[in-house]
Amino acid sequence: MTVLAVDIGGTKLASAVVAPDGELLSRGRTPTPVTRDGEEIWQALTCLLDKVLAEAGDPELAGVGVGCGGPMTWPRAEVSPLNMPAWRGFPLRARLAERHPGLPVRVHNDAVCVAIGEHRAGAGRGRANVLGMVVSTGVGGGLILNGRLIDGASGNAGHIGHVVVDPDGPPCVCGGRGCLEAVARGPGLVAWAQAEGWRPGERVTGVELADDARAGHPVALRALTRAGHALGVAIASATHLCDLEVVAVGGGLSQTGDLLFAPLNEALRAHARLDFARRVEAVPATLGQTAGLVGAAALIHDPDAYWHAD
């Protein structure tokens with residue numbers, strides 16, 4: 001049976017009807033409303049779900065799987081995405097369950113769903129021990145060991161964005177200092193590059209920083225090298241801890257290719273010194289924007305591997 005999959009973020013709402021083999025039978029997305037009214041976001045989401053279901057012929061569903069930005073109380077999924085201030089303690093799982101009575105509704109962190117998608121059908125397919133990462137406006141991740149998602153005590157296992165890579169580094173939004181996210185997330189890279197003389201005072205984005213790095217701008221290149229080095233250090237630490245086989249790196253920054261992955265792999269090889277850790281492969285994620293939807297559907301399609309909360 002098919003699953004209604006949902007991917008909720010601060011800039012877009014996405015949904016798909018997903019077959020058991022991972023094929024997306026219908027798919028849609030809409031901008032996340034910029035509003036202080038949480039119900040306005042809910043209405044935009046339900047309209048999108050109705051459209052996606054209608055395009056798939058209103059199929060019989062096995063359940064609803066959702067990836068959503070955090071933090072959240074898990075598994076109840078009262079969600080408070082940092083970049084969606086209109087949702088604070090929003091009872092997402094309960095509201096979806098009301099809308100789809102009798103069906104299982106399962107909600108996990110959006111980066112966890114990306115990791116699941118890459119394990120099930122992407123760069124980690126066929127491997128049992130995989131870390132999936134998203135490097136974008138933030139840095140998140142999900143951890144699969146021995147073929148099963150590791151949730152941890154509160155559903156936050158795999159949150160590699162807050163591994164410390166530089167104790168004397170920049171402050172992080174979590175309140176710490178020198179976290180991977182503080183160094184490698186897109187807005188942090190832009191701020192660092194501007195402080196170093198790249199387009200000072202301009203309103204610019206990580207995309208423009210990457211474009212200038214491709215064009216050979218020395219500060220932009222140093223920014224991506226700095227991010228890649230931090231990622232490599234964090235991945236080496238995670239590999240020593242978890243004995244990983246593959247790390248799939250997705251998100252906007254991963255689209256820069258060797259500008260990011262060359263320093264990443266250099267730092268990884270420098271810091272992954274034990275024999276077992278040297279086998280790990282850090283590779284670009286392959287599913288792109290569908291990874292979160294494929295992973296969300298797998299919360300329903302393959303609960304033995306990916307859902308252990310109920």
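Where does P75 lie? P75 sits in the loop between β5 and β6 (78-79).

## Basis

This is a predicted model, in which local features need pLDDT of at least 70, side-chain atom pairs count only at pLDDT 80 or more, and totals for chains, interfaces and linings use all residues. Residues are numbered from 1 along each chain as its sequence is written, and side-chain values use heavy atoms, with hydrogens and water left out.

Helices (H or I, at least four residues) and strands (E, at least two) are DSSP runs, numbered from the N terminus.

## Loops around β5

The peptide bond from W74 to P75 is cis, with omega near 10°. A77 is in the loop between β5 and β6. Its phi is near 60°, a positive value in a residue other than glycine.

Another cis peptide bond joins G70 and P71, with omega about 5°. P71 belongs to the loop between β4 (61-68) and β5 (72-73).

## The open sheet

An open sheet holds 5 strands in the order β11-β10-β9-β12-β13, with mixed pairing. Two strands pair if DSSP finds at least two bridges between them. The edge strands, β11 (148-149) and β13 (281-284), each pair on one side only.

β9 (residues 130-135) and β12 (residues 246-250) pair in the parallel sense over 5 bridges. G132 stands opposite A248 in β12. β12 and β13 also run parallel, joined by 4 bridges. There, V249 has P284 of β13 as its bridge partner. The chain crosses from β12 through α8 to β13 in a right-handed β-α-β crossover (with the strands pointing away from the viewer, the path from the first strand over the helix to the second runs clockwise).

Contact means heavy atoms within 4.5 Å. Axes are lines fitted to C-alpha atoms, for helices over the stretch in contact, and angles run from 0 to 180 degrees between N-to-C directions. α8 (residues 258-271) lies across β12 and β13, running at about 170° to β13.

The 25 residues of α7 (residues 218-242) should span 36 Å at 1.5 Å a residue, and its end C-alpha atoms are 36 Å apart, which agrees. The expected span is 1.5 Å times one less than the number of residues. Just after α7, D243 takes a positive phi of about 55°.

## α3 against α9

α3 (residues 110-121) and α9 (residues 291-301) pack at about 85°, with axes 7 Å apart.
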